[in-house]
Every structure is written in C-alpha cells, then in structure tokens.
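Here is a short report for a first look at this protein. Take the sequence and the model together as you read.

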Amino acid sequence: MTILDSVTGIPVAVLDGNWITGVRTADLSAVAAKYMANPQARTIGLVGCGAKARSHLDAFADVFNLEHMAYFWRGQANQDRLIVQAMALGLTATACSSGQDVAQTCDLLVTTVTHTGGAAPFLDASGMKPEAFAAIVDLAAPWKRDSFGVLDCVVIDDFVQEAALPNKLCDSAFIHGDLTGLVTGNNRGAQI
C-alpha cells in the first residue's frame, strides 16, 4: 500500500498490505470476542495455521488469559511457526486430527482456511464446545453453513459489505447484527 500526502500527492510511505490485513482482521475478531466470548476463556483453537492464524493468536492473547492452543491444518512450516509463537506466549499446544476436534475442545475458535476451490465444508457449528466463540474470517469456507442456525448469536463485519457479497456468510435469518452495532449496542435482537 502506498500512502500519499493529501495535498501534494507525493508518496510518504509504502506499507505491507498483507501485514495490515492480518492485524486489522485479527483486531476486529478480538473486538468481537471481547464483547461476545466468555471473559474466562482460556483455550484457543485455530483451524488454519498461516499468517492470519498467527495474527489472531497475538490479538486474542492480548484480550484473554490464554493457557492452551489447539490447531489443525496442513503445512508443517506454518504449524511449526504457530507452535513457537504459542510457546513464546506461555501456551501449551496440541495438534488435533481434524478441524472438528479443534471446535469441540476450545473456548475460542478461529478459522482462517485458505480458499482452495472445491474443498467440501468440514466444520459443523453444532459440534462446537458449548458457549464457545468463533471468529470465522475465511468467508465460512470450511463451514457447513446450514449448521449456523444452532448458534446463539451471529454478528457479521458489516451489513453493507455482506449485502454486496455474491457468496453470503450464511442465511440472513441467522444474523443478529454487525460489528458496529455490537460496539454501539444497536444490534437488532442480539442477546449478547
């Protein structure tokens, strides 16, 4: 990303867009978790182990007193980096044999699965740990979307953005509000 002086148009900075996206996405997820998750949450589960998983681990560790991380995905190098990061934060880490195993065991769940086209959804919301929070930052690629009806509350990033997406996160009947409404207290029907 290039930042330009608003008066002269002269470039004043060149920034890494991947880093900005990772931090921004993770921080928005952490804001949602701050409002919606159990403040006593101690376990985080990550389905996907790349850059967004690492940024989410940092952001959630800033908000919650995490003790343990469970994870699942492919790519040994990304798993190794995630484990090193978890250990540096003082967490224990466990590899799970499936994404659903992660979902069943964690207070906080983050899915950051790369869109690989054609991969069948493999996560079912009905199999999440009771009262768990999920940050779904991968446009629900690994999720069986019809299972979202079992969730107590679904809050999306932004109503306008969701309306413009050709591939909606889930049935609009499941959605209780967006992040702005969550923070301002103006979500319709949300019981948070």
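## Ground rules

Helices (H or I, at least four residues) and strands (E, at least two) are DSSP runs, numbered from the N terminus. This is a predicted model: local features need pLDDT of at least 70, side-chain atom pairs count only at pLDDT 80 or more, and totals for chains, interfaces and linings use all residues. Residues are numbered from 1 along each chain as its sequence is written, and side-chain values use heavy atoms, with hydrogens and water left out.

## An exposed loop residue

Ser6 sits in the loop between strand E1 (2-4) and strand E2 (11-14). Its relative accessibility is 75%, so Ser6 counts as exposed. Buried means under 20% relative accessible area, exposed over 50%, and partly exposed in between (1.4 Å probe, protein chains only). From Ser6 to Asp146, 140 residues along the chain, the C-alpha atoms are 46 Å apart.

## Helix H3

Contact here means heavy atoms within 4.5 Å. Just after H3, Gly90 has a positive phi of about 85 degrees.

## The nonpolar core

The largest nonpolar core holds 48 residues. Such a core is a set of buried Ala, Val, Leu, Ile, Met, Phe, Trp, Tyr and Cys residues joined through side-chain atoms within 4.5 Å. Leu57 is among the residues with the most contacts inside it. Leaving out residues up to four places away in sequence, Leu57 touches several others, including Ile44, Met69 and Leu82.

## Two salt bridges

How many salt bridges does a search of the whole structure find? It finds two. A salt bridge is a side-chain nitrogen of Lys or Arg within 4 Å of a carboxyl oxygen of Asp or Glu.

Arg42 pairs with Glu67, with the closest N and O atoms 3.9 Å apart. Arg42 lies in the loop between helix H1 (17-36) and E3, and Glu67 in the loop between H2 and E4, so the pair ties together parts 25 residues apart in sequence. Asp107 and Lys129 form a salt bridge at 2.7 Å, N to O. Asp107 counts as buried, at 17% relative accessibility. Lys129 counts as partly exposed, at 29%.
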